[in-house]
Amino acid sequence: MKLSLDEYVYLDSLIHRWQSKPKLIALLSLIFCFAFIQRLSFLPVIIFITVILYSLSKLPIKYLISRLRYPGIFILAVIFLLPFLVGETTIFSWGFFSIKQEGCLLILLVITRFLCIITTTLVLLGTSPFLTILKTLRSLGLSPIISDMMLLTYRYLEQMGDRILSMRRALKLKGFNFHQFSSRNLRIISQLIGSLLVRSYDESKLVYQAMILRGYGYNSQRKNRHEQNIKISDWIACYSVVVISVSIIILQTIS
């Protein structure tokens, strides 16, 4: 439940020293480029770019693995039926089940694009504070309401994670076994989830009322007058990444 995206923003690397606005533009261009890949021949290219990018960030491998777990479960659930439903060329058959070659190749394409996109996103989130990313998005034209919703969502996910951890500790101290499947355990867990949601909703109303009393919404048009001067080298690196992303998309289109 806890995201802890800012856990390694203190590291010193080329990606960490890259200023937020050119870094955001460059990495978003890479993410869109990876999403447009449709040919298997380009998969080694995007894998190579992703590995180089993650190596330059100096983020530990455990940071990547720990945050791939839940998205990985989701993508595996989505692509599970692809080999049985997509394609016409059968490579293995057993009774009613037949595995198609096109479905297996599609799985390879989907998983590779998924891993490259998630890794690039984690590089962006892991090398810049989340608040800095939101300020950069605001400077690029993101709606203040959307940026505030993103900030509050991130904050309350972390807070809910802390509460879930404290609840788990309290239940363990009282002898509750989470691995035991029974109607009693399901009832207790459902009651805890309901209590967590109600408490979160009540607290969100109090926070919103406090924000209104402090003038929230009246200074949303205020511009940031203290933006840092961005180095020429950072913009050169940004433009280089954007050119590489556009070139890959063009090469895939004409090939």
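**Ground rules.** I call a residue buried under 20% relative accessible area, exposed over 50%, and partly exposed in between, using a 1.4 Å probe and protein chains only. This is a predicted model, in which local features need pLDDT of at least 70 and side-chain atom pairs count only at pLDDT 80 or more, while totals for chains, interfaces and linings use all residues. Residues are numbered from 1 along each chain as its sequence is written, and side-chain values use heavy atoms, with hydrogens and water left out.

**Entry: the cysteines.** How many disulfides are there by the rule? I take a disulfide to be a pair of cysteine sulfur atoms within 2.5 Å, and the count comes to zero. For C33, the nearest cysteine sulfur belongs to C116, 9.8 Å away, and C33 is in no disulfide. C116 is in no disulfide either, its nearest cysteine sulfur being that of C33 at 9.8 Å. I checked accessibility too: C116 is buried because its relative accessible area is 3%, and C33 is buried at 0%. A reminder to myself: a disulfide is a covalent bond between the sulfur atoms of two cysteines.

**Entry: the overall layout.** I counted helices (DSSP runs of H or I, at least four residues) and strands (runs of E, at least two), numbered from the N terminus. The protein chain has 10 helices and two strands. Along the sequence I read the pattern α-α-α-α-α-β-β-α-α-α-α-α.

Next I looked at the dimensions. The C-alpha trace spans about 60 × 60 × 30 Å along its principal axes. The radius of gyration, taken over C-alpha atoms, is compared with a globule rule of 2.2 Å times the number of residues to the power 0.38. A compact globule of 255 residues would come out near 18 Å, but this chain has 23 Å. Buried residues make up 32% of the 255 residues.

For contacts I use heavy atoms within 4.5 Å. Of the contacts with a separation of 6 or more, 73% are between residues 24 or more positions apart.

**Entry: helix α10.** Helix α10 (residues 232–254) has 23 residues and should span 33 Å, and its end C-alpha atoms are 33 Å apart, so the two agree.

Which residues of α10 are buried? They are D234, C238, V241, S245, I248 and Q252. I noted a general point beside that list: an α-helix has 3.6 residues a turn, so residues three or four places apart point the same way. The cover over the buried residues of α10 includes α1 (14–17), α2 (20–36) and α3 (43–57).

**Entry: I31 in helix α2.** I31 sits in helix α2 and counts as buried because its relative accessibility is 15%. Leaving out residues up to four places away in sequence, I31 touches I117, T120 and T121. I also looked at R113: it is 82 residues from I31 along the chain, yet their C-alpha atoms are separated by 9.2 Å.

**Entry: two threonines.** T127 belongs to helix α6 (residues 101–127) and is buried at 4% relative accessibility. I searched for polar contacts, meaning pairs of N or O atoms within 3.5 Å; within protein, one must be able to donate a hydrogen and the other to accept it, and residues adjacent in sequence count only if both atoms are side-chain atoms. The T127 side chain makes one with the side chain of K23 (3.1 Å), and it reaches the backbone oxygen of V123 at 2.6 Å. Beyond four places in sequence, the contacts of T127 are V9, I15, H16, K23, S57 and L59.

T136 is in helix α7 (residues 130–139) and is buried at 5%. Its contacts, again without residues up to four places away, are S20, K21 and L24.

**Entry: salt bridges.** I count a side-chain nitrogen of Lys or Arg within 4 Å of a carboxyl oxygen of Asp or Glu. The whole structure gives two.

- E7 pairs with R67, the closest N and O atoms being 3.3 Å apart. E7 lies in the segment before α1 and R67 in helix α4 (residues 61–79), so the pair ties together parts that are 60 residues apart in sequence. E7 is partly exposed at 38%, whereas R67 is buried at 17%.
- R17 and D12 meet at 2.6 Å, N to O. R17 is partly exposed at 47%.

Conventions:
The expected span of a helix is 1.5 Å times one less than its number of residues.
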